Amino acid sequence: MSVKPDPLTVPFGTVFCDWMTTARSDGGPFDYRGSPEPFGDLSFSPAAHVLHYGSSVFEGLKAHRQIDGSVAIFRLDTHVSRMVTSASRLRLPEIDPGLLHQMIIDAVAANADEVPDPPGSLYLRPTLVGTGADIGAAAHPAPSALLFVVNSPVGDYFKGGIRPLTLQVESSAPRTVPQFGMVKCSANYAMALGPTLDAMAANEAIDQVLFATDGDITETGASNFFLADGERIVTRHLDDSFLHGVTRDSVIQLARHLGYEVEERAIDPEELVDWSERGEAFLSGTAAGVAPVGTILYSGKTLTIGDGQPGPNTLRLRQALTDAQTGAAPDTFGWRTSVRSH
């Protein structure tokens, strides 16, 4: 294993493991040779479909070091299912769920020694790109594709660890490409990038933009959004306009298990004023985990959420999620997939 910097001290996702898995499709099933290969650059044509027409989908999930020292992947089957759906939406070659499942497990097993202890984890990035060399194929699906899995040992997504984040509400620009809102495709992240960078340039304290296009709060550029108090949590109901977060679903199930009432419904930005005086807000995502929100900038107002610090319900849900991921709690929901190192 090559010598690498401590993943807890460098930006999220900038250190990579020594091994990866790859499979190619040339119009038929993906050909996976059944073993990892050294991490390295990929090769495809400058005319590849992905470079010209955006035929790219991916997933983000994590493997965690367990309290007994073993390694387990969190909610593997759910992430595989979502990626299969994403590929179908972009008309990419069909992915066999069993094949993708095995490629992820093999990649993690080969890199098991690089899984950091908590609060670190191993971030897994399965990716599918169209590789057909045809710049006249704007109205045609990619006939061939490359599927690969790379891993990155990581610490906290947001700099500074568990700290209250600052959000800027964006009421005009859309977060996603409308018909692909629920798909984890590259175009959606490009859509959010401009408004996020503009907001950060205007105010360096901003961590994320909270998209509330036409008065309808959905998500930030990287996470789902929640409101909370001692009795309930509130989050936007699912539809095709935004990503169906796996961590979002995990938080909802854990909250119900802990006795919270869960409301999945539309959230008007004007509600934030009331919640800032009596409740909490947080983000959820694979990279972010459960991240507390301390300040929301909305319509010229600065809303301090509660006392501006991480709230007790947010921290309770964050701990419940961490315990479920690391084996500190029983696997009540069957979310952990154990991995044996090679």
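Trainee: Is Cys17 buried or exposed?

Mentor: This is a predicted model, in which local features need pLDDT of at least 70 and side-chain atom pairs count only at pLDDT 80 or more, while totals for chains, interfaces and linings use all residues. Residues are numbered from 1 along each chain as its sequence is written, and side-chain values use heavy atoms, with hydrogens and water left out. Buried means under 20% relative accessible area, exposed over 50%, and partly exposed in between (1.4 Å probe, protein chains only). Cys17 has a relative accessible area of 1%, so the class of Cys17 is buried.

Trainee: What is the class of Cys185, and how many disulfides are counted?

Mentor: Cys185, at 2% relative accessibility, is buried. A disulfide is taken as a pair of cysteine sulfur atoms within 2.5 Å. By this rule the number of disulfides is zero.

Trainee: How are the axes of helix H5 and helix H7 oriented?

Mentor: Helices (H or I, at least four residues) and strands (E, at least two) are DSSP runs numbered from the N terminus. Axes are lines fitted to C-alpha atoms, for helices over the stretch in contact, with angles from 0 to 180 degrees between N-to-C directions. H5 (residues 246-257) and H7 (residues 312-326) have axes 10 Å apart and pack at about 105 degrees. Angles of 65 to 115 degrees count as roughly perpendicular (under 35 is roughly parallel, over 145 roughly antiparallel, the rest oblique), so H5 is to H7 roughly perpendicular.

Trainee: Which residues of H7 make the contact with H5?

Mentor: Contact means heavy atoms within 4.5 Å. On the H5 side, the contact is made by Thr247, Ser250, Val251, Leu254 and Ala255. From H7 come Leu317, Ala320 and Leu321.

Trainee: Where is His237 found, and is His237 buried or exposed, or in between?

Mentor: His237 is in the loop between strand E11 (232-235) and H5. With a relative accessible area of 30%, His237 is partly exposed.

Trainee: Which backbone nitrogen lies 3.2 Å from a polar atom of the side chain of His237?

Mentor: Beyond its neighbours within four places in sequence, His237 is in contact with Phe242, Arg248, Glu264, Arg265 and Ala266. The backbone nitrogen at 3.2 Å from the His237 side chain belongs to Ala266.

Trainee: Is Gly334 buried or exposed?

Mentor: Gly334 is in the loop between H7 and strand E16 (336-339). Its relative accessibility is 56%, so Gly334 is exposed.

Key
Polar contact = N/O pair within 3.5 Å; in protein donor to acceptor, adjacent residues only side chain to side chain.
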